[in-house]
Amino acid sequence: MELLSNPPDRRRRPAVFMPATGRRRAGLLAQELTRRDLEHSVANGLMRRVAHGIYTGTGLPGAAEFLGAAEFLGGSEVSAHHALLQGLTEDSDRVISFDTAAVLWGLLPGEPGPPFHVTSPRDGPRVERPGLVLGHRIEVPEQFIVTRGGVRLTHPAWTWLDLALNRPLEQALILGDRAVRRPRHEYGEFGEPLATLSELRRAVVVRGRTKGIRAAREALELIRVGSDSPQETRLRYYMHLAGLPEPRVNPLISHPSGYPWFEPDLAVEKFKVSIQYEGEDFHSSPGSVRKDVRRSEITEELGWIEVRITQDHMADQGRLAIARIERALLQRGWRPLRLPTHS
């Protein structure tokens, strides 16, 4: 009787457990998984495909080790978008960059969403997935690449420069002020600035000659530490354009006895002019009104003039705001520089 060879094992292969991180299919197959393994895991709800060729686990065994990554994106769990960014940069020279990195760092508002900006080395292939990925080819030095939550992305200083090269000077300045702003404990903020002025300068030097670099350098010269809002930055920029004295940003003004007394948004200390930008909700509560009135009284007691600016003054490059500030400065003895006349 002829002996038959053992029949092939047709039993269903076990599903694959994978932590809630984004992985490329090529990397998974290199770990002795098969396409059938992936199909079974997706069918059993243990994995999901977040984009063509990129998978993530659904958060079963091992998900806890990536809670820090979830906090980076501000969510309660690793999102599909987050897993996609992890997969796009996994085991590669690619980095998340431009607007996507800016949103992740908080330089731009909103949540990360497509199209995601991905930068490849200059001599590497550009990653293009229409509607999903917008690819760039730029040589990003390692010193300006960081990994957060399993995602490789450009450092805040390099991210700022990516944006500054392609935006008007005013916007580049606002983004730069935000990048170097120190978290304020009185607002419940802690930690360190996203970047330092020296890091921004280093990024500009390393980037070298490229389109938009001159405007980025000009913006860099105007960036100051301390601005708390885009409108404060705009107002300072409009003062610069108008040729007014440069104000200090959020300086702590002390009483003659040395006790800290008040902290204006902007101040031209030489002429004792305090400038306060009042947001839309500045008069929303009785407590805020009393605080503002008391601040004005203290300002006057110390011999300062307080100029209060609102959104209504900011149109047309702050024309009305500049007029109010200029009147206060003239009242205190400031005189604009006069261009020499020619006979």
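Predicted model: local features only at pLDDT ≥ 70, side-chain atom pairs only at ≥ 80, totals over all residues.
Residues are numbered from 1 along each chain as its sequence is written, and side-chain values use heavy atoms, with hydrogens and water left out.

Arg308 forms a salt bridge (a side-chain nitrogen of Lys or Arg within 4 Å of a carboxyl oxygen of Asp or Glu) with Glu278, and the closest N and O atoms are 3.0 Å apart. Glu278 lies in the loop between β13 and α11 (286–301) and Arg308 in strand β14, so the pair ties together parts that are 30 residues apart in sequence. Glu278 counts as buried, at 7% relative accessibility.

## Overall composition and confidence

The protein chain has 12 helices and 14 strands. These are DSSP runs numbered from the N terminus: helices are H or I with at least four residues, strands E with at least two. Of the 343 residues in the chain, 45% are buried. The chain exposes about 19500 Å², of which carbon and sulfur atoms supply 50%; accessible areas come from the Shrake-Rupley method with a 1.4 Å probe, and for residues only the protein chains shown count as cover. Among contacts (heavy atoms within 4.5 Å) with a separation of 6 or more, 58% join residues 24 or more positions apart.

The mean pLDDT (the predictor's confidence in each residue, from 0 to 100) of the protein chain is 80, and 72% of its residues reach 70 or more. Confidence is highest in helix α6 (residues 156–164), at a mean of 98, and lowest in helix α3 (residues 67–72), at 39. Residues 1–14 have pLDDT below 50, and this stretch has nine contacts in the model beyond near neighbours in sequence. Over residues 60–77 the pLDDT also stays under 50; for these residues the model has 29 contacts beyond four places in sequence.

Five of the five residues of strand β13 (residues 273–277) are buried. Val273, Ile275 and Tyr277 point one way from the strand, and Ser274 and Gln276 the other way.

β13 pairs with strands on two partners (DSSP must find at least two bridges between paired strands). Strand β12 (residues 266–268) runs antiparallel to β13 and is joined to it by three bridges, with Val268 opposite Val273. These two strands form a hairpin with four residues between them, and Lys272 in the turn has a positive phi of about 50°. Strand β14 (residues 305–309) runs parallel to β13, with five bridges, and Val307 of β14 stands opposite Ile275.

In helix α8 (residues 197–207), the buried residues are Leu197, Leu200, Ala203, Val204 and Arg207. Seen down the axis of α8, they fall within an arc of 125°, so they line one face of the helix; the arc is that of the directions from the helix axis to the C-beta atoms. Their cover includes α6, α7 (169–180) and α9 (213–222). Gly208, with a positive phi near 75°, follows α8.

The whole structure contains 11 salt bridges. Arg207 forms one with Asp162, the closest N and O atoms being 3.0 Å apart. This pair links helix α8 (Arg207) to helix α6 (Asp162), 45 residues apart, and both residues are buried. Asp177 and Arg236 form another, at 2.9 Å between the closest N and O atoms; Asp177 is in helix α7 and Arg236 in helix α10 (residues 230–241), 59 residues apart. Both Asp177 and Arg236 are buried.

## Individual residues

His155, in the loop between β8 (151–154) and α6, is buried at 12% relative accessibility. Leaving out residues up to four places away in sequence, His155 touches Trp105, Phe144, Ile145, Val146, Leu194, Ala195 and Glu199.

Pro114 and Pro115 are joined by a cis peptide bond, with omega about 0°. Pro115 lies in the loop between α5 (98–105) and β5 (116–120). Phe98, in helix α5, has a positive phi of about 50° although it is not a glycine, and is buried at 9% relative accessibility. Asn250, also not a glycine, has a positive phi of about 45°. Asn250 lies in the loop between β9 (248–249) and β10 (253–254) and counts as buried at 11% relative accessibility.

Key
Buried < 20%, exposed > 50% of the residue type's maximum accessible area, 1.4 Å probe, protein only.
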